[in-house]
Amino acid sequence: MTNEVTAEILATHILDLAREGRRLDGRAIDEYRKVTVEPGFVASADGSALARIGPTAVVAGVKLELGKPFPDTPNAGVLTTNAELVPLSNPTFEPGPPHPRAIEVSRVIDRAIRAAEAIDLTKLCVTPGEKTWVCYVDVHVIDHSGNLIDAGSLAALTALLHATLPAKRFGVAESDSRLDVRHKPVETTFVRLGDAIVVDPSFDEELACQGRLTIATDEASNIVAMQKGLIGAFSPEDVKSLAERAFHHGDRMRKLAEGA
Amino acid sequence: MGSVGAKEVPVLLSPDGKRIDGRQLDELRSMRIVAGALHQADGSAFVEWGANKVMAAVYGPREVHPRHLQQNNKAIVQCKYNMAAFSVDERKRPGLDRRSQEISKVIAEAFESVIFVEEFPRTSIDIYIEVLQANAGTRCAGVVAASVALADAGIPMVDLLPAVAVGKVAGQIALDLKKEEDNFGEADLPMALVPQSGRLVLLQMEGHMTAEELSKSLDLGVVGCRAIYEKMKQALRDRYQLGGPAEGASA
């Protein structure tokens, strides 16, 4: 009960501030927390990155293995993205089968990578119908302090951009090569706080918000994926103007992913 | 989208601008809605939309299971979207997969955005959506069916929730994709509209769209939702007017 009451007071306060164009941590409406990304964080992975957005921390690891193509796509490789919201990252996460919110984070990150065609799956195929590379992108949330989707997608893209195809280890080529990444999708998430729509929600802003919208963009000014989540609504005009904001933030995130 | 390793891409748009089933770009598939199609549920609806057949049932407000999910200040809205094994060409393994769980989550959140949940503290409003025959747009058909079922159950809501998917087919923005257009098209954007406020409570997208195409898609989807809204209201009128179909009329 006490938690419910304090949460209610905090939510009211966040909404009151938003009415004046202010945020709890002093940020502007269209301002991210500090974003950093460190590629190569995990040496045992073929590609990896630690992304931080303020206190939120997410590690992504890419593993490439040889496997069989799916029967209906004999010429294509396999790409799977999974996100784990482990209990150490937040007091509200419990051990057990994946919670719908973890499934949503996984699928939204996966959707952006897949729809943007970040990886040319046909190039992963070694022998049609027989042998192909299987690319696993695993996103491990270690500190959930809000905006997991953006942190996860930044970590995943950075890990892919810095991944090595372990061709030598698997005996399919003389030497290892760089994983070919064709497109660079990143996600930008907004939440509604009253009439204000803020970017990069903190954990408390996510609890207080009246709807969340994630927009994934690529480097060629395409929108490649969207997801509205949580309880609340956006007008079509909101969505149109948020798409413009998403392109702006997306370009900055892409530079971080590439340049880091 | 989904074109990797695909065998043959059908002609999705004829030179005179007709779609694979002869529709115009802004034309909906035919739709039939039956409110009150089941006997045990507090509210129900059956939707036939193109080649989709979707049944929805609503139970509640009722006791919350599991108990710890109970909220002291409002009802919770739970949704289970499920596809029957025989609903698609290649048998789908029964049970909850990740896609169904994600769809269930966004649909539950969409309805919690319009139901007056604060009127029913410590209860659950349970929405069950069963896709019996699938041909693209099943989540939208599920939302339409569930929304009529909620009204049939007498759950107070801001408004009904019409839903439709807009997509990009052979470079053109098209309303209400069918299976071939969904599989071989370039983008898919399902949405659900609150007609009264003009706001969207469900919105997803996958594929490639420019900012202009997104803008056009949203506008076209709103027009589509408003047309579906009329059909939903008519289904409820048919059920509740004197001399309408009897209680629990069959689907």
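Before anything else, the rule I used for strands: two of them pair if DSSP finds at least two bridges between them. Also for the record, I am working from a predicted model.

**Across the chains**

I looked for strand pairing between the chains. For a landmark, I picked A:Ile223, which stands opposite B:Met209 in strand 9 of chain B.

**The contact surface**

Next I checked how much of each chain takes part. I found 35 residues of chain A in contact with 33 residues of chain B. On the chain B side, the elements giving two or more residues are helix 1 (98-112), strand 9 (199-209) and helix 4 (211-240). Which of them gives the largest share? Strand 9 of chain B does, with eleven residues. I also sorted the chain B side by class: 14 residues are nonpolar, eleven polar and eight charged.

**Chain A by itself**

Then I turned to the fold of chain A. I noted six helices and twelve strands there. The C-alpha trace spans about 60 × 40 × 35 Å along its principal axes.

Last, I looked at packing. Of the 260 residues in chain A, 48% are buried. Among contacts in chain A with a separation of 6 or more, 68% are between residues 24 or more positions apart.

Terms used: Residues are numbered from 1 along each chain as its sequence is written. Chains are lettered from A and ligands numbered from 1 in the order in which they are written. This is a predicted model: local features need pLDDT of at least 70, side-chain atom pairs count only at pLDDT 80 or more; totals for chains, interfaces and linings use all residues. Two residues are in contact if their C-beta atoms, placed from the backbone, lie within 7 Å. Helices (H or I, at least four residues) and strands (E, at least two) are DSSP runs, numbered from the N terminus. Ala, Val, Leu, Ile, Met, Phe, Trp, Tyr, Cys and Pro count as nonpolar, Asp, Glu, Lys and Arg as charged, and the others, Gly among them, as polar. A residue is buried if 20 or more other C-beta atoms lie within 10 Å of its own, exposed if 12 or fewer, and partly exposed in between; C-beta atoms are placed from the backbone.
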